[in-house]
Amino acid sequence: MGSQNPMADYNTVGNQFLNVYYTKFDTSRGEIAMLYGPNSMLTYDGAQFMGAAQINEKLASLPKLTHKITTADIQPTLNGVLCFVNGQLMIDESGNPLMFSQVFHVVPSENGGYYCLNDIFRLNLA
């Protein structure tokens with residue numbers, strides 16, 4: 001990728017998105033809707049939600065959660081960035097973390113920033 005390509009620094013875009021997403025999710029979840037658009041889709045443990053409003057409603061219904069990323073793999077796509085995350089999830093500060101995986105497809109927005117077009121979340125229950 002040449003320096004003229006806006007996706008040339010996909011690692012920076014992906015890592016910045018992950019930092020903002022998990023910080024907002026864990027500390028000010030009411031602001032998470034701004035990271036999605038009207039055509040965004042969330043699949044949360046098999047249940048699907050379409051659009052920022054439905055996604056926000058689903059995420060707001062969850063108990064207090066704290067995420068700890070253990071690995072994050074980031075790749076460029078034709079129109080954005082793909083982020084694959086593995087991590088630990090603490091529910092209500094229980095002290096017993098659950099393992100999770102999450103995939104984000106982050107794409108450019110009309111205002112020059114980025115938003116999450118696709119989000120797939122799955123608890124890794126053995």
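Predicted model: local features only at pLDDT ≥ 70, side-chain atom pairs only at ≥ 80, totals over all residues.
Strands E3 and E4 (residues 81-91) run antiparallel and are paired over 11 bridges. A hairpin of 4 residues connects E3 to E4.

Strands of a sheet pair through backbone hydrogen bonds, either parallel or antiparallel. Now step back and view the whole arrangement: 6 strands make an open sheet in the order E2-E1-E6-E5-E4-E3, with mixed pairing. Strand E2 (47-50) and E3 stand at the edges with a single partner strand each, so one side of each has no neighbour in the sheet. From one strand to the next, the twist averages 15°.

Which way do E1 and E6 run relative to each other, parallel or antiparallel? They run parallel, joined by 5 bridges. Here you can pick out Thr-43, whose bridge partner in E6 is Ile-120.

**The helices**

H1 lies across E1, E3, E4, strand E5 (98-108) and E6, and runs at about 165° to E3.

**Empty spaces**

Rolling a probe the size of a water molecule over the atoms shows where empty space is left. How many cavities of 30 Å³ or more does a search of the whole structure find? The search finds 1.

| Space | Volume | Lining by class |
|---|---|---|
| Largest cavity | about 60 Å³ | 8 nonpolar, 2 polar and 1 charged residues |
| Largest pocket | about 160 Å³ | 6 nonpolar, 2 polar and no charged residues |

Which elements each supply at least two residues of the lining of the largest cavity? They are helix H1 (10-27), strand E1 (36-44), strand E3 (65-76) and strand E6 (114-123). Among the lining residues of this cavity are Tyr-21, Phe-25, Leu-42, Tyr-44, His-67, Asp-119 and Phe-121.

The largest pocket has its own set of residues to look for: Val-13, Gln-16, Phe-17, Val-20, Met-34, Leu-35, Gly-113 and Tyr-114 line it. Which element gives the most to this lining? H1 does, with 4 residues.

How values were computed. Residues numbered from 1 in each chain as written. Heavy atoms only, no water. 1 Å grid on protein atoms, 1.4 Å probe; cavity = no way out; pocket = protein on both sides within 12 Å on 5 of 7 lines; lining within 4 Å. Points joined across faces, edges and corners; volume = space filled by probe spheres on them. Nonpolar A, V, L, I, M, F, W, Y, C, P; charged D, E, K, R; others polar. Pairing = 2+ DSSP bridges. Axes fitted to C-alpha atoms, helices over the stretch in contact; angles between N-to-C directions. Contact = heavy atoms within 4.5 Å.
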